[in-house]
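Hi,

Here is the structure I said I would pass on.

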Amino acid sequence: MKKILSKEDLINFLEISTYDEEIFKYANKIRKENVGDGIYLRGLIEFSNICKCSCKYCGLRFSNNEIERYRFSKDEILFYAKNAVQLGYKTLVLQSGEDAFFSVDRICEIVREIKKLGVALTLSIGERSYDELKAIKREGADRYLLRIETTDESLYKKMHPNMDYKNRINCLYNLKKLGYETGTGCLVGLPEQTIESLANDILFFKELDADMVGIGPFIPCNNTPLENEKEGSFVLALKVMALTRIFLPNINIPATTAMETINPEGRIIALQSGANVIMPNVIDKKYSEKYVIYPNKDRICDNVSESRSFIEDKIKLIGRYISDDFGFRKS
Ligand code: 5AD
């Protein structure tokens, strides 16, 4: 495993299960050598589930009339942000659907206020123009998450009506250019997704030089066009994640909620296979249960303040600890 893996190697490793345990162990070793045993907690504030997009897999899609929509005011966002800071979070992640109400000016104002709390700030609010991203960066936003979802352009088109693959790629390169720590990632197990395209996804993360990569299995969501499709494989998603760690040794990789949703020990297994980040929800359950990207997502943590000590106890058992720095990519 020492030499650089080719695309053919990647495809081979993804296709066969013979070397799975070795891949997971090796990714864990690379993680330990490059980013250590500390785990970064990022406090996730899902501040609006209103979305103008119609991604076929996502429960928040525009045409889903079955969910109750909500949108926080600036004060509500700040309330949860302050609460999370009090609980010890050093990074906050503001995530929403693509909600046009949050104009660049509104986002800038929120960023300005949150940065006064002395935390690192990540945004995950969908595609924005270069000028908008520049203005938001100027206010002090540190990081941005925008998954490419799949690098298979024709699959991308099928999954994302009215969206443009090239635009998304451009947006990611713009983020890098503007100095954001840039996060991307993919879904594993979308209908018609090929193993070769998953290998290409990993190569894309490397080419972009992504600073963070989030990977999760596709989970069929009711009231979406894909509700009757098959769920993605946990082991395959884990393997894509582990191989990403091997390709990008010093980046930050979350043990995603989707991993835990389809496997009760999913996050702990992910943390032992290359991951070093957890993103607990820090909003009230009455809102997080409405942020239904996929079903059962909110079952994972019941109580915001308890979730931190619960996670702490769990990760201690595997010889890890919660890191108290801001959690930027290690150089
Ligand atoms: N299953 C798993 N992950 C999903 N996401 C959206 N819908 C689903 C689903 N049905 C992921 C997307 C998005 C992130 C916020 O959630 O990858 O980027």
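**What I found**

The side chains of Arg112 and Glu139 are joined by a polar contact of 2.9 Å (a polar contact is a pair of N or O atoms within 3.5 Å; within protein, one must be able to donate a hydrogen and the other to accept it, and residues adjacent in sequence count only if both atoms are side-chain atoms). Arg112 sits in helix α4, residues 104-115. Helices here are DSSP runs of H or I with at least four residues, strands are runs of E with at least two, and both are numbered from the N terminus. With 39% relative accessibility, Arg112 counts as partly exposed. For that scale, buried means under 20% relative accessible area, exposed means over 50%, and partly exposed is in between, with a 1.4 Å probe and protein chains only. Arg112 and Arg61 are 51 residues apart in sequence, and their C-alpha atoms are 29 Å apart in space.

Before going further, a word on the source: this is a predicted model, where local features need pLDDT of at least 70 and side-chain atom pairs count only at pLDDT 80 or more, while totals for chains, interfaces and linings use all residues. Residues are numbered from 1 along each chain as its sequence is written, and side-chain values use heavy atoms, with hydrogens and water left out.

Now the ligand. Which residues surround the ligand? They are Tyr57, Cys58, Arg147, Glu149, Leu187, Pro217, Phe218, Ile219, Ile293 and Tyr294, where a residue is near a molecule if one of its heavy atoms lies within 4 Å of it. By class, that shell has eight nonpolar, no polar and two charged residues. The classes work like this: Ala, Val, Leu, Ile, Met, Phe, Trp, Tyr, Cys and Pro count as nonpolar, Asp, Glu, Lys and Arg as charged, and the others, Gly among them, as polar.

An oxygen atom of the ligand is 2.8 Å from an N or O atom in the side chain of Arg147. For Glu149, an N or O atom of the side chain is 2.5 Å from a ligand oxygen. A ligand nitrogen is 2.7 Å from a polar backbone atom of Ile219. Taken alone, the ligand exposes 410 Å², and the protein buries 86% of that (areas come from the Shrake-Rupley method with a 1.4 Å probe; for residues, only the protein chains shown count as cover).

In β5 (residues 181-188), eight of the eight residues are buried. Glu181, Gly183, Gly185 and Leu187 cover one face, with Thr182, Thr184, Cys186 and Val188 on the other. On the β4 side, β4 (residues 143-145) pairs with β5 in the parallel sense over three bridges; two strands pair if DSSP finds at least two bridges between them. Leu145 has Gly183 as its bridge partner in β5.

β5 also runs parallel to β6, and six bridges join them. Leu187 has Gly216 as its bridge partner in β6, and Val188 has Pro217.

How many residues of β6 are buried? Six of the six residues in this strand (212-217) are, so β6 is largely enclosed by the rest of the structure. Met212, Gly214 and Gly216 lie on one side and Val213, Ile215 and Pro217 on the other.

Asp211 is in the loop between α8 and β6, and at 8% relative accessibility it counts as buried. The side chain of Asp211 reaches the backbone nitrogen of Thr182 at 2.8 Å, and it makes a polar contact with the side chain of Arg329, also listed at 2.8 Å.

One last thing, on backbone angles. Most residues other than glycine have a negative phi. Asn162 has a positive phi of about 65 degrees although it is not a glycine; Asn162 lies in the loop between α6 and α7 and counts as exposed at 83% relative accessibility. Asn223 also has a positive phi, near 65 degrees. Asn223 is in the loop between β6 and α9 and is partly exposed, at 35% relative accessibility.

Cheers
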